[in-house]
Amino acid sequence: MSRTILLRGDHVSLALPIREDFQDLSLWNDPEYRCYGSKPNAVITEDPEERIKKILKNWHREHYFSIIRNGDETFLGFLSFSSLISAQELHIGLLRERGKGYGTEAVRLGLTWTFAIKNVPTVVLFVTTDNKRAIRAYKKAGFKEVAVIPNMLCIGYTYKDMLLMLAQQDTWLKENRAFVEDCLKRSGYPLDALPPLHIIQ
Ligand SMILES: CC(C)(COP(=O)(O)OP(=O)(O)OC[C@H]1O[C@@H](n2cnc3c(N)ncnc32)[C@H](O)[C@@H]1OP(=O)(O)O)[C@@H](O)C(=O)NCCC(=O)NCCS
């Protein structure tokens, strides 16, 4: 099945999800994925067809991407944004091929989407303080640490502290300009709107 690619990076791309992406339900039960507080429940309990319909219907307020490896088009995981007042909250989970730099690149593509294409001023995320790999990936992608919120997440009978991280449009676009320009060019978006890179409202 051919994919609708929305942003193309060096090694991975962000694409519209297709129903097959929701079918390998065993991956959603991955203990590592679950222990960091991601929310796979909707995907586990819902029919993939229904899930896709909902995602497409809600696309204007909750952008949901599949992360695809370039070349062989292997589906790696999901990246999404949900609205938090006027900021956006980023969520990501790789179901396979972790630790190879794909997560960091996908987050940078996600920030390119929100900052350069959607013109959103602020993106935040929450990550449990014990999720060292995710924190490292987020920092490499340009997120800054803001504060630790004690006991924010309850998993089973255990409370976990969460780190609030922030990326801001002006600073991030300045620091990542070459990446953003390459990515927009490769993905077929015009560059003449730079800066502040408003392309789609
Ligand atoms: C979090 C996630 C998206 C990161 O993507 P990834 O492709 O695995 O990460 P990357 O390979 O891009 O970067 C990981 C970095 O963390 C480092 N790292 C790995 N384990 C680490 C640890 N225990 N402590 C510190 N750093 C660690 C790696 O060395 C790498 O940094 P480097 O490039 O400087 O060497 C992915 O691992 C994932 O989906 N995990 C499960 C779900 C999850 O935790 N989602 C986030 C919820 S907020």
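Visitor: Which residues in α7 does α4 meet?
Guide: In this predicted model, helix α4 covers residues 102-117 and helix α7 covers residues 177-187. From α4, the residues R108, L109, T112 and A116 take part. Their partners in α7 are F179, V180, C183 and L184.

Visitor: How are α4 and α7 oriented to each other?
Guide: Two packed helices are described by the angle between their axes and the distance between the axes. The axes of α4 and α7 come within 10 Å and cross at roughly 85 degrees. Angles of 65 to 115 degrees count as roughly perpendicular. The two helices, α4 and α7, are therefore roughly perpendicular.

Visitor: Which residues of α5 make the contact with α4?
Guide: On the side of α4, the contact is made by G103, T104, V107, R108 and L111. On the side of α5, it is made by A137, Y138, K140 and A141.

Visitor: Which element gives the most residues to the shell around the ligand?
Guide: There are 22 residues around the ligand, and R98, G103, T104, K132 and R136 come nearest. The elements α1, β5, α4 and α5 each give two or more residues to this shell. With five residues, the element that gives the most is α5.

Conventions:
Residues numbered from 1 in each chain as written. Predicted model: local features only at pLDDT ≥ 70, side-chain atom pairs only at ≥ 80, totals over all residues. Axes fitted to C-alpha atoms, helices over the stretch in contact; angles between N-to-C directions. Helix = DSSP H or I, 4+ residues; strand = E, 2+ residues; numbered from the N terminus. Contact = placed C-beta atoms within 7 Å. Parallel < 35°, antiparallel > 145°, perpendicular 65-115°, else oblique. Near = placed C-beta within 6 Å.
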